[in-house]
Amino acid sequence: MIADVLADAGSRMDRAVEAAKDDFATVRTGRANPQLFQKILVDYYGTPTPLSQLASLNNTEARTLVVTPYDKSALKAIEEAIRSTPNLGANPTNDGSIVRVTLPELTEERRKEFVKIVRTKGEDAKVHVRGIRRKSKDDLDALKGEVSDDDLARAEKELDALTRAHVDAIDDALKRKEAELLEV
């Protein structure tokens, strides 16, 4: 029973760390990256649809990305969705068959803004991991009558170590992203 609670907490924390890394990837650095457009939703016939399901994304140059829609009628909607995405600063141009997205050069001030955004995302991820810990601790406390106090104390220490390891993984990913953002 204790092993089930700890295994569930570990897998949920692993998913939280992966989600944080994916979230960090959506914050742009100096070069164009298709992952920047991962969370963009396009209004496609009244339904918010992820851009990656509507078009292919290719890097042509360091700061230019080419979006080739599978359905040419979605060009305008794709262009509008990219233009209205906050914190991207992209300037899409539509030539009738593809959308070219040119990302402006990052200023030092803009880089520092992005570092603040990434830190906020990192803190949100750590709060989520701590929430998973709290729920798992409650699950362990519910087992109080069924298992010995020593086993519960040992399980809580394992849960704390698991939480610390996942928070450290988020911090490491955060440090790498900050270094990447501040690199000129």
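Tyr-45 is exposed, with a relative accessible area of 65%. Here buried means under 20% relative accessible area, exposed means over 50%, and partly exposed is in between, computed with a 1.4 Å probe on protein chains only. This is a predicted model, in which local features need pLDDT of at least 70 and side-chain atom pairs count only at pLDDT 80 or more, while totals for chains, interfaces and linings use all residues. Residues are numbered from 1 along each chain as its sequence is written, and side-chain values use heavy atoms, with hydrogens and water left out.

Tyr-45 lies in the loop between β1 and β2. Helices (H or I, at least four residues) and strands (E, at least two) are DSSP runs, numbered from the N terminus. Strand β1 covers residues 41-44 and strand β2 covers residues 47-50; they pair in the antiparallel sense over four bridges. Two strands count as paired if DSSP finds at least two bridges between them. Together β1 and β2 form a hairpin with two residues between them. The phi of Tyr-45 is near 55°, a positive value in a residue other than glycine. Most residues other than glycine have a negative phi.

**The sheet.** Four strands form an open sheet in the order β3-β4-β6-β5, with antiparallel pairing. Helix α3 lies across β3, β4, β5 and β6, and runs at about 170° to β5. Axes are lines fitted to C-alpha atoms, for helices over the stretch in contact, and angles run from 0 to 180 degrees between N-to-C directions.

**The cores.** A nonpolar core is a set of buried Ala, Val, Leu, Ile, Met, Phe, Trp, Tyr and Cys residues joined through side-chain atoms within 4.5 Å. In soluble globular proteins, nonpolar side chains tend to be buried together. The largest core in this model has 21 residues, and those with the most contacts inside it include Phe-37, Val-67 and Ile-78. At least two residues of this core come from each of α2 (51-54), β3 (55-61), β4 (64-69), α3 (75-83) and β6 (99-102). The most, four residues, come from α3. Contact means heavy atoms within 4.5 Å. Leaving aside neighbours within four places in sequence, Ile-78 is in contact with Val-42, Leu-51, Leu-54, Ala-55, Val-67, Pro-69 and Val-99. A second, separate core has 18 residues, among them Ile-2, Ala-16, Ala-155 and Ile-170.

**The helices.** Helix α4 (residues 108-142) packs against helix α5 (residues 149-182) at an angle of about 170°, and their axes are 10 Å apart. The two helices are therefore roughly antiparallel. Angles under 35 degrees count as roughly parallel, over 145 as roughly antiparallel, 65 to 115 as roughly perpendicular and the rest as oblique. The residues of the α4 contact with α5 divide into 14 nonpolar, four polar and 11 charged. In this count, Ala, Val, Leu, Ile, Met, Phe, Trp, Tyr, Cys and Pro are nonpolar, Asp, Glu, Lys and Arg are charged, and the others, Gly among them, are polar.

Helix α1 (residues 2-25) also meets α5: their axes come within 10 Å and cross at roughly 10°. That makes α1 roughly parallel to α5. Their contact holds 15 nonpolar, three polar and six charged residues.

Two residues of α5 are Arg-176 and Lys-177. Is Lys-177 buried or exposed? Lys-177 is buried, at 8% relative accessible area, whereas Arg-176 counts as exposed, at 52%.

| Pair | Apart in sequence | C-alpha to C-alpha |
|---|---|---|
| Lys-177 and Asp-22 | 155 residues | 11 Å |
| Arg-176 and Phe-24 | 152 residues | 9.9 Å |
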